[in-house]
Amino acid sequence: MDIDEVTAWHEAGHAFAAVCLGATVESISISPDRDDGPLRSGDTVVRWEHRRVSERQLMEREVMVILAGPVAEMIHRNESFHPATVAEWAMDWQQAWEKASFEKSSPKRLAMLEQTTLQLYRVFRQDQNWAIIGAIVDHLLAYEQMEGETVHEICESVEGLLRNG
């Protein structure tokens, strides 16, 4: 399987969830700069409006966006994995685990992350949503990056889907 294609599905999942949950996607890339940060094959830059939601709601939404990349990749690969068991998703899982710190006990936190993964899986598998994620992927594969404005235009028809669903 082509690494750029897998990365595009992963990053498109992050971006789609972010838009649906009210964040602003600033950019997506499947060929990010090799800066001083961690080595990565893709990058999605998201900005949140903190004044509209409680701190816990914001953290829950951030968890969803973090796990959305692995979920989109799972669906694309037509394989079901636990996000904590795939080495390529270790950073996503660790970030989600840390962001879910509002759940103080490990069993509750694990259950919340697993429930979030299942919720995303159900939403992403809907034909309309998968087609939108696919449109983001197509753009990424053609150009390797995209501005947030383009992501929002593609996702416009489903604004608020996850928030209300």
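What share of the contacts in the protein between residues at least 6 apart in sequence join residues at least 24 apart? In this predicted model, the share is 66%.

**Figure 1. The whole chain, before zooming in.** Here's the overall layout of the predicted model: seven helices and three strands. Walk along the sequence and you get the pattern α-β-β-α-α-α-α-β-α-α. The protein has 165 residues, and buried ones make up 46% of them.

**Figure 2. Helix α3 packing on helix α4.** This close-up takes in α3, residues 90–99, and α4, residues 106–124. Two packed helices are described by the angle between their axes and the distance between the axes. For this pair, the angle is about 120° and the axes sit 10 Å apart. As for handedness, the crossing of α3 past α4 is right-handed.

Figure 3. Who does the touching? On the α3 side, the contact residues are Trp-93, Ala-96 and Trp-97. On the α4 side, they are Ser-106, Arg-109, Leu-110 and Leu-113. Sorted by class, this contact has five nonpolar residues, plus one polar and one charged.

Figure 4. Ala-96 belongs to helix α3. Is Ala-96 buried or exposed? Its relative accessible area is 0%, and the cut-off for buried is under 20%, so Ala-96 is buried. Set aside the neighbours within four places in sequence, and the contacts of Ala-96 are Val-63, Ile-66, Leu-67 and Leu-113. One of these, Leu-67, is 29 residues away along the chain, yet its C-alpha atom is separated from that of Ala-96 by 6.8 Å. Another, Leu-113, is one of the α4 residues in the contact with α3.

**Figure 5. The largest nonpolar core.** This core has 47 residues. The members that touch the most other members are Phe-16, Ile-28, Leu-113, Phe-124, Ile-136 and Val-151. Two or more residues each come from α1 (3–20), β1 (24–29), α2 (55–77), α3, α4, α5 (127–143) and α6 (148–155). Which element gives the largest share of this core? That's α2, with 12 residues. Leu-113 turns up again in this view: besides being among the core members with the most partners, Leu-113 is in contact with Ala-96.

Notes
Residues are numbered from 1 along each chain as its sequence is written. This is a predicted model: local features need pLDDT of at least 70, side-chain atom pairs count only at pLDDT 80 or more; totals for chains, interfaces and linings use all residues. Side-chain values use heavy atoms; hydrogens and water are left out. Axes are lines fitted to C-alpha atoms, for helices over the stretch in contact, and angles run from 0 to 180 degrees between N-to-C directions. Helices (H or I, at least four residues) and strands (E, at least two) are DSSP runs, numbered from the N terminus. A crossing is left-handed if the near helix is turned anticlockwise from the far one by less than a right angle, and right-handed if clockwise. Contact means heavy atoms within 4.5 Å. Ala, Val, Leu, Ile, Met, Phe, Trp, Tyr, Cys and Pro count as nonpolar, Asp, Glu, Lys and Arg as charged, and the others, Gly among them, as polar. Buried means under 20% relative accessible area, exposed over 50%, partly exposed in between (1.4 Å probe, protein chains only). A nonpolar core is a set of buried Ala, Val, Leu, Ile, Met, Phe, Trp, Tyr and Cys residues joined through side-chain atoms within 4.5 Å.
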